[in-house]
Amino acid sequence: MRLALIAAIVLLPTLAACQTAPHGAYPSLAIRDVERVEGRYEPIPGDPIDVPPVEVPLNGPLDQRLAALLEQGRSAHARFTEAAPRASRLASAARGVSVGSDAWASAQVALADLDSIRSATAIALADVDLLYIAASVEATTTPALTDARQSLLALVQDEDRTLADLRARVR
């Protein structure tokens, strides 16, 4: 009972603050004339978007272009596969060493070399992607184009997995 009396005494000033003010003591929350929106809003005419055609920088028939790009990607992937064991040895040697040590630096250089080789494979994929996009826009995609794109994409993904594994060792 005593606790209820103390609570009532504490809450009494709070309840007194809730009393309403005399009429007109506070401003109305209704929209004022100044706040009313009037007039018409017309969109400003803009220039139409001019979508340029997709330019394919490679010349020759599609099958020759695809063969050249596949060869470029496969050649780069072969170089990557050749350089990966050395990078793997260096990454394993750098496992657990401090950042900035000779082993860590050697592993970083080897990983950078692999990244550079990977970019050559990715460039071939990007060129095939450009052909693929141009063909898709023109609705002339061929199975050979799709197969070449998937083949190069698989090579790049394989290289990405290898690089991720090696980077995880060096950390």
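Predicted model: local features only at pLDDT ≥ 70, side-chain atom pairs only at ≥ 80, totals over all residues.

At what angle do α3 and α4 pack, and how far apart are their axes? The angle is about 160°, and the axes are 9 Å apart. That places α3 roughly antiparallel to α4, because an angle over 145 degrees counts as such.

**Overall make-up**

- The chain holds 4 helices and 0 strands.
- Read from the N terminus, the order of elements is α-α-α-α.
- Of the 171 residues in the chain, 20% are buried.
- Among contacts in the chain with a separation of 6 or more, 76% join residues 24 or more positions apart.

**Helix pair α3 and α4**

- The crossing in which α3 passes α4 is left-handed.
- The contact of α3 with α4 is made up, by class, of 20 nonpolar, 3 polar and 7 charged residues.

**Helix pair α2 and α3**

- Helix α2 covers residues 62-93 and helix α3 covers residues 102-137; their axes come within 9 Å and cross at roughly 165°.
- With that angle, α2 and α3 are therefore roughly antiparallel to each other.
- The crossing of this pair, α2 and α3, is left-handed.
- Where α2 meets α3, the contact residues comprise 21 nonpolar, 5 polar and 5 charged.

**Helix pair α2 and α4**

- The axes of α2 and α4 come within 10 Å, and the crossing angle is roughly 15°.
- Since angles under 35 degrees count as roughly parallel, α2 is roughly parallel to α4.
- Helix α2 passes α4 in a crossing that is left-handed.
- The contact of α2 with α4 has residues of each class: 17 nonpolar, 6 polar and 4 charged.

**Helix lengths**

- Helix α3 has 36 residues, which at 1.5 Å a residue should span 52 Å; the end C-alpha atoms of α3 are 51 Å apart, in agreement with this.
- Just after α3, A139 has a positive phi of about 60°.

**Buried residues of α4**

- The buried residues in α4 are L145, A148, L152, L155, V156, E159, L163, L166, R169 and V170.
- Two charged residues, E159 and R169, are in this buried set.
- An α-helix has 3.6 residues a turn, so residues three or four places apart point the same way.
- Which helices do the buried residues of α4 pack against? They pack against α2 and α3.

**L111 in α3**

- Helix α3 includes L111.
- Is L111 buried or exposed? L111 counts as buried because its relative accessibility is 4%, and the cut-off for buried is under 20%.
- Leaving out residues up to four places away in sequence, L111 touches L163, L166, R167 and V170.
- Among these partners of L111, L163, L166 and V170 are also listed as buried in α4.
- L111 and L90 are 21 residues apart along the chain, and their C-alpha atoms are separated by 9.1 Å.

Technical notes
Residues numbered from 1 in each chain as written. Heavy atoms only, no water. Axes fitted to C-alpha atoms, helices over the stretch in contact; angles between N-to-C directions. Parallel < 35°, antiparallel > 145°, perpendicular 65-115°, else oblique. Left-handed = near helix turned anticlockwise from the far one by under 90°. Buried < 20%, exposed > 50% of the residue type's maximum accessible area, 1.4 Å probe, protein only. Contact = heavy atoms within 4.5 Å. Expected span 1.5 Å × (residues − 1).
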